[in-house]
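Please look at the sequence and the structure before reading on.

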Amino acid sequence: MFASGERSFSDQEAGLVSVTLLRMRDTGLMGPNLQPVEFSRDWIDAQPEASGGDDWQCLAEALYFEARGETVKGQFAVAEVILNRMTSERFPQSACGVINQGTGKRYQCQFTYTCDGHKEVIAEPRAFERVAKVARAALDGVAPDLTEGATHYHTKAVKPRWSKVYTKTAAIGTHIFYRHTWRTASN
């Protein structure tokens, strides 16, 4: 067990904390007063009010409609998928572009809430405040890699056809995460 302040961590959690601290120090994201990410409501609630531009707004809304009922870790994982898509040549290069890809074609979009025919209404302001903080932290790069490069996910309640051809990378909360299975001439 590893203790930090008043909280104890299992060996696995301690490893994650260590990796997070090293990554934050290596990338210059952790100054002398910053604490590592804790995937808890207490940690997210203690973060300052979030704000940002269009990508932050789009990411916060996507997290609200796609993952507000998830754990904080699950919300970070969903955010990571969107960020991974932004750096892939196969998807648009902005959060808004990724999230709205295919919108307008019923159930042919990338994120169901953008094409399910229901009006998007943020009816839970407290939940939106939390996911907005997750979006800000994710865009700032303060969380460790949770999904091993995943660019796709689905809930455990469904089994889409594409899940058979992609590589499963993680299961976090109610979501299963995948990355594209690249085939080369040597495979």
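Of the contacts in the protein with a separation of 6 or more, 58% are between residues 24 or more positions apart; contact means heavy atoms within 4.5 Å. This is a predicted model, in which local features need pLDDT of at least 70 and side-chain atom pairs count only at pLDDT 80 or more, while totals for chains, interfaces and linings use all residues. Residues are numbered from 1 along each chain as its sequence is written, and side-chain values use heavy atoms, with hydrogens and water left out.

The protein has 6 helices and 5 strands. Helices (H or I, at least four residues) and strands (E, at least two) are DSSP runs numbered from the N terminus. Along the sequence their order is β-β-α-α-α-α-α-α-β-β-β. Of the 187 residues, 41% are buried. Buried means under 20% relative accessible area, exposed means over 50%, and partly exposed lies in between, for a 1.4 Å probe and protein chains only.

**The nonpolar core**

In soluble globular proteins, nonpolar side chains tend to be buried together. A nonpolar core is a set of buried Ala, Val, Leu, Ile, Met, Phe, Trp, Tyr and Cys residues joined through side-chain atoms within 4.5 Å. The largest such core here has 43 residues, and L59, L63, F76, I82, I99, F111 and F177 have the most contacts inside it. At least two core residues come from each of α2 (41-45), α3 (54-67), α4 (72-86), α5 (95-100), α6 (125-140) and β4 (167-172).

Leaving out residues up to four places away in sequence, F177 touches A77, V78, V81, T147, A150, H152, Y153, T167, K168, T169, A170 and I172.

Two packed helices are described by the angle between their axes and the distance between the axes. Axes are lines fitted to C-alpha atoms, for helices over the stretch in contact, and angles run from 0 to 180 degrees between N-to-C directions.

| Helix pair | Angle between axes | Axis distance |
|---|---|---|
| α3 and α4 | roughly 135 degrees | within 10 Å |
| α3 and α6 | about 130 degrees | 8 Å |
| α4 and α6 | roughly 50 degrees | within 10 Å |

Angles under 35 degrees count as roughly parallel, over 145 as roughly antiparallel, 65 to 115 as roughly perpendicular and the rest as oblique. By its angle, α3 is oblique to α4. α3 and α6 are oblique to each other, and α4 and α6 are oblique to each other. A crossing is left-handed if the near helix is turned anticlockwise from the far one by less than a right angle, and right-handed if clockwise. The crossing of α3 and α4 is right-handed, the crossing of α3 and α6 is right-handed, and so is that of α4 and α6.

The residues at the contacts can be listed pair by pair. From α4, the residues V72, Q75, F76, A79 and L83 meet V131, V134, A137, A138 and L139 of α6. This contact of α4 with α6 has 9 nonpolar, 1 polar and no charged residues. Here Ala, Val, Leu, Ile, Met, Phe, Trp, Tyr, Cys and Pro count as nonpolar, Asp, Glu, Lys and Arg as charged, and the others, Gly among them, as polar. Between α3 and α4, the residues D55, L59, A62, L63, E66 and A67 of α3 meet Q75, V78, A79, I82, L83 and M86 of α4. That contact divides into 9 nonpolar, 1 polar and 2 charged residues. In the contact of α3 with α6, the α3 residues include W56 and Y64, and the α6 residues include F128 and R136. This contact has 13 nonpolar, 1 polar and 3 charged residues.

Most residues other than glycine have a negative phi, and most peptide bonds are trans. E148 is not a glycine, yet its phi is positive, at about 55 degrees. E148 is found in the loop between α6 and β3 (152-155). With 49% relative accessibility, E148 is partly exposed. Not counting residues up to four places away in sequence, E148 touches E80, T169 and R179.

E148 and Y178 are 30 residues apart in sequence, and their C-alpha atoms are 8.5 Å apart in space. Y178 lies in strand β5 (residues 175-179) and is buried, with a relative accessible area of 5%. Y178 and A150 are 28 residues apart in sequence and 4.8 Å apart in space, C-alpha to C-alpha. Beyond its neighbours within four places in sequence, Y178 is in contact with residues including A150, W162 and Y166.
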